[in-house]
Amino acid sequence: MNNLISQLFQDNNFNLVNEDLSLYTNKKNTEYYITKFYTDHELKNFFDCDKTGQTIEQFNKLSNSSDFHNIRKNTSLILLVEVENLSACFDNLRNNVILVEEDGYYFRKLVVLYSKNSVLNLTYPLNNKTLNEHLDKDFEIFEQNMFFSEQYLVEMQLAIKLPFFILENSSNVYQTIENAYPESNEISIDRSIVELLNRDEDFFEALEKISSDGDETFMQLSKIISEVNENEN
């Protein structure tokens with residue numbers, strides 16, 4: 001899994017700049033990503049886990065360095081959580097995932113669940129092109145059963161969770177949230193709102209309920225967006 005994440009970072013022009021913290025950044029040093037592997041037990045005890053404490057300690061120490069003086073401004077912690085079976089653990093860990101991702105201290109947190117089986121066949125070079133091709137190919141099957149393929153579910157999580165990954169336009173019924181609404185709908189969806197939706201429980205549940213009736217699902221997302229905009233104002 002570590003190699004797969006590294007491939008995606010490299011394809012999006014992010015380099016590993018600190019091995020101890022597994023810290024990646026872009027050429028302008030405007031975005032930072034920390035990758036850490038957690039077990040499901042460590043995820044459930046995230047706030048009291050030694051690994052979390054050590055990561056925060058390393059982060060604080062690095063932020064005092066002149067080379068990383070702006071690390072506090074835009075850093076995300078990507079938790080790669082290995083489980084035995086994705087379909088069995090997805091619901092069981094949902095509340096833990098939401099609790100961790102909604103915590104606003106130190107850095108933004110993004111949780112990706114995976115299993116050993118889900119990454120066995122991910123042997124191709126994982127980049128924007130191949131990931132888009134795979135997501136587009138089987139999305140109709142995913143609409144009917146999100147657990148039809150553990151590999152596909154991991155790929156979908158990466159596409160949704162990694163802010164720098166851009167979904168290409170598709171000839172399929174599959175659309176990005178931004179492309180789902182024309183300007184005439186007077187719905188403004190900026191990246192900060194999209195990222196908030198990715199951490200929102202209602203959006204998490206809506207993703208699970210995606211069906212062939214895409215309009216109904218996007219109406220649900222529209223309602224969430226409107227509520228978020230009202231709260232922001």
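This is a predicted model: local features need pLDDT of at least 70, side-chain atom pairs count only at pLDDT 80 or more; totals for chains, interfaces and linings use all residues.

Student: How many helices and strands does the chain have?

Tutor: The protein chain has 12 helices and 5 strands, where helices (H or I, at least four residues) and strands (E, at least two) are DSSP runs numbered from the N terminus.

Student: And how much of the chain is buried?

Tutor: Buried residues make up 50% of the 233 residues in the protein chain; buried means under 20% relative accessible area, exposed means over 50%, and partly exposed lies in between (1.4 Å probe, protein chains only).

Student: Which residues have the most contacts inside the largest nonpolar core?

Tutor: They are Met1, Leu43, Leu79, Leu113 and Leu158, in a core of 57 residues. A nonpolar core here is a set of buried Ala, Val, Leu, Ile, Met, Phe, Trp, Tyr and Cys residues joined through side-chain atoms within 4.5 Å. Helix 9 (residues 150-161) gives the most to this core, with 7 residues. In soluble globular proteins, nonpolar side chains tend to be buried together.

Student: Let's pick one of those, then: what does Leu43 touch?

Tutor: Leaving aside residues up to four places away in sequence, Leu43 touches several residues, among them Leu79, Val81, Val111 and Leu113, with contact meaning heavy atoms within 4.5 Å.

Student: Changing topic, what is the strand order in the sheet?

Tutor: The 5 strands form an open sheet in the order 1-2-3-4-5, with mixed pairing, and two strands pair if DSSP finds at least two bridges between them. Strand 1 (14-18) and strand 5 stand at the edges with a single partner strand each, so one side of each is left without a neighbour in the sheet. The twist averages 30 degrees from one strand to the next.

Student: Which strands does helix 1 touch?

Tutor: Helix 1 (residues 2-11) packs on the sheet and touches strand 1, strand 2 (23-26), strand 3 (32-39) and strand 4, and its direction makes about 165 degrees with that of strand 3. Helix 3 (residues 50-63) also packs on the sheet, touching strand 1, strand 2, strand 3 and strand 4, again at about 165 degrees to strand 3. Axes are lines fitted to C-alpha atoms, for helices over the stretch in contact, and angles run from 0 to 180 degrees between N-to-C directions.

Student: Back to strand 5: why is it described as largely enclosed?

Tutor: In strand 5 (residues 108-114), 7 of the 7 residues are buried, so the strand is largely enclosed by the rest of the structure. Both of its faces are covered, with Arg108, Leu110, Val112 and Tyr114 on one side and Lys109, Val111 and Leu113 on the other.

Student: In what sense does it pair with strand 4?

Tutor: Strand 4 (residues 75-82) and strand 5 pair in the parallel sense over 7 bridges. Val81 stands opposite Leu113, and Leu80 has Val112 as its bridge partner.

Student: What polar contact does the Arg108 side chain make?

Tutor: The side chain of Arg108 makes a polar contact with the side chain of Ser76 (2.7 Å). A polar contact is a pair of N or O atoms within 3.5 Å; within protein, one must be able to donate a hydrogen and the other to accept it, and residues adjacent in sequence count only if both atoms are side-chain atoms. Arg108 is buried, with a relative accessible area of 18%.

Student: Is Leu77 buried or exposed?

Tutor: Leu77, in strand 4, counts as buried at 1% relative accessibility. The C-alpha atoms of Leu77 and Arg108 are separated by 6.1 Å, although these residues are 31 residues apart along the chain.

Student: One last thing: where is Ser22 found?

Tutor: Ser22 is found in the loop between strand 1 and strand 2, and it has a positive phi of about 55 degrees although it is not a glycine. Most residues other than glycine have a negative phi.

Notes:
Residues are numbered from 1 along each chain as its sequence is written. Side-chain values use heavy atoms; hydrogens and water are left out.
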